[in-house]
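Here is a short report on one protein chain. Look at the model first, then read on.

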Amino acid sequence: MKKYLKPFLALVIACALLLVCSAGLSGVKEKRLENYRSSVFESMFPEGGDFEEIPYDGEDRNIQAVYRNKDGFIIETKVHGYGSFITSWIAVSRNGSVKDLKIVDMNETPTLGRRALTSSFISQFRGTEGGLTVGKNADALSGATITSRSIVKAINSACEYVIGCDAETGATKEGEEE
C-alpha cells in the first residue's frame, strides 16, 4: 500500500499544478486572439479606426460575426470546405466591394486546397462586389474546386450583407450612412 502512496501524491500534486497554471493562463489565448484580430483588421482598413462588433441575427449561416468602423465592415464567415470548415475575415467597404480577405482557419488538403492561402488566388477577389460564381467570374484552384466554391460563397455572403441585396440573409442596407 505504501508503495502506491508516493506516486499517487505525485499525481495529485501534478494535477493541482496543472490546474493552477491553467487558471493563470485562461485569458492569455483570448488576449492573443484579440491582439491578432486587431492587427489584421488594422491592416485591412489602415485608416478606418477602431472596429466595433455589431450583433448579427440574420439567416445567413455563413456569417459568424460582423465588425464595423467608419470605412467599412469585416465579416467573419465560416463555410464548409472540402476537408472541414474554412473561417475567414472579409473586409468590405461601405459600397460593397471587397478590400481584402484573410483566411483565418482551414484544414484543406495540403497540396491542393491550401493553395487558397496564396496571394495569387486571394487577389482575384479584391474589388469584386459579390455575385461571384466559380468558372464564370471567379477562378477555381485546379483540383480544389470545392474549396474555391466555399471561399466564393463566403465572399458573396459578406458582400450581400453589406449591400443588403440578399433577402434570404435578412440583411439590410448596412453600407449606407444613416
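## The main core

Which residues have the most contacts inside the largest nonpolar core? They are Val66, Ile75, Ile90, Phe125, Ile151, Ile155 and Tyr161. This core has 31 residues. Keep in mind that the model is predicted.

Several elements build the core. Those that give two or more residues to it are β2 (63-68), β3 (72-80), β4 (85-93), β5 (98-105), α2 and α3. The most comes from α3, with 8 residues. A second, separate core has 9 residues, among them Phe41, Met44, Ala65 and Ile74.

## The whole chain

Now step back to the overall layout. The protein chain has 3 helices and 5 strands. Along the sequence, their order is α-β-β-β-β-β-α-α. Of the 178 residues, 40% are buried.

The C-alpha trace spans about 75 × 45 × 30 Å along its principal axes. The radius of gyration of the chain is 21 Å. For a compact globule of 178 residues, the value would be near 16 Å. Among contacts with a separation of 6 or more, 47% are between residues 24 or more positions apart.

## Helix α3

How many of the 19 residues of α3 are buried? The count is 14, so this helix is mostly covered.

After α3 comes Gly164, with a positive phi near 70°.

Phe125 is one of the residues with the most contacts inside the largest core. Leaving out residues up to four places away in sequence, Phe125 touches Val98, Leu101, Leu132, Ala138, Ile151, Val152 and Ile155.

Thr128 sits in the loop between α2 (119-122) and α3 (145-163). Is Thr128 buried or exposed? Its relative accessible area is 15%. Buried means under 20%, so Thr128 counts as buried. A polar atom of the Thr128 side chain lies 2.6 Å from the backbone oxygen of Phe125. Beyond neighbours within four places in sequence, Thr128 is in contact with Gly96, Ser97, Val98, Ile155 and Cys159.

## Two glutamates in loops

Glu108 lies in the loop between β5 and α2. With a relative accessible area of 3%, Glu108 is buried. What does the side chain of Glu108 reach at 3.4 Å? It reaches the backbone nitrogen of Ser84. The Glu108 side chain also makes a polar contact with the side chain of Thr147, at 2.5 Å. Setting aside neighbours within four places in sequence, the contacts of Glu108 are Gly81, Tyr82, Gly83, Ser84, Ile86, Gly113, Arg114 and Thr147.

Glu47 is in another setting. Its place is the loop between α1 (2-44) and β1 (52-54). Glu47 has 68% relative accessibility. The cut-off for exposed is over 50%, so Glu47 counts as exposed. Leaving aside neighbours within four places in sequence, Glu47 is in contact with Lys70 and Asp71. Glu47 and Lys78 are 31 residues apart along the chain, and their C-alpha atoms are separated by 27 Å.

## Cysteines and Ser38

How many disulfides are there? The count comes to 0. A disulfide is a covalent bond between the sulfur atoms of two cysteines. To be counted here, a pair of cysteine sulfur atoms must lie within 2.5 Å.

Cys15 is partly exposed, with a relative accessible area of 46%. Cys159 is buried, at 0%. Cys159 is also among the contacts of Thr128.

Ser38 is part of helix α1. At 35% relative accessibility, Ser38 is partly exposed. Where does Ser38 lie relative to Cys15? The two are 23 residues apart in sequence, and their C-alpha atoms are 35 Å apart in space.

Note on methods: Residues are numbered from 1 along each chain as its sequence is written. This is a predicted model: local features need pLDDT of at least 70, side-chain atom pairs count only at pLDDT 80 or more; totals for chains, interfaces and linings use all residues. Side-chain values use heavy atoms; hydrogens and water are left out. Buried means under 20% relative accessible area, exposed over 50%, partly exposed in between (1.4 Å probe, protein chains only). Helices (H or I, at least four residues) and strands (E, at least two) are DSSP runs, numbered from the N terminus. A polar contact is a pair of N or O atoms within 3.5 Å; within protein, one must be able to donate a hydrogen and the other to accept it, and residues adjacent in sequence count only if both atoms are side-chain atoms. Contact means heavy atoms within 4.5 Å. A nonpolar core is a set of buried Ala, Val, Leu, Ile, Met, Phe, Trp, Tyr and Cys residues joined through side-chain atoms within 4.5 Å. The radius of gyration is taken over C-alpha atoms; the globule rule is 2.2 Å times the number of residues to the power 0.38.
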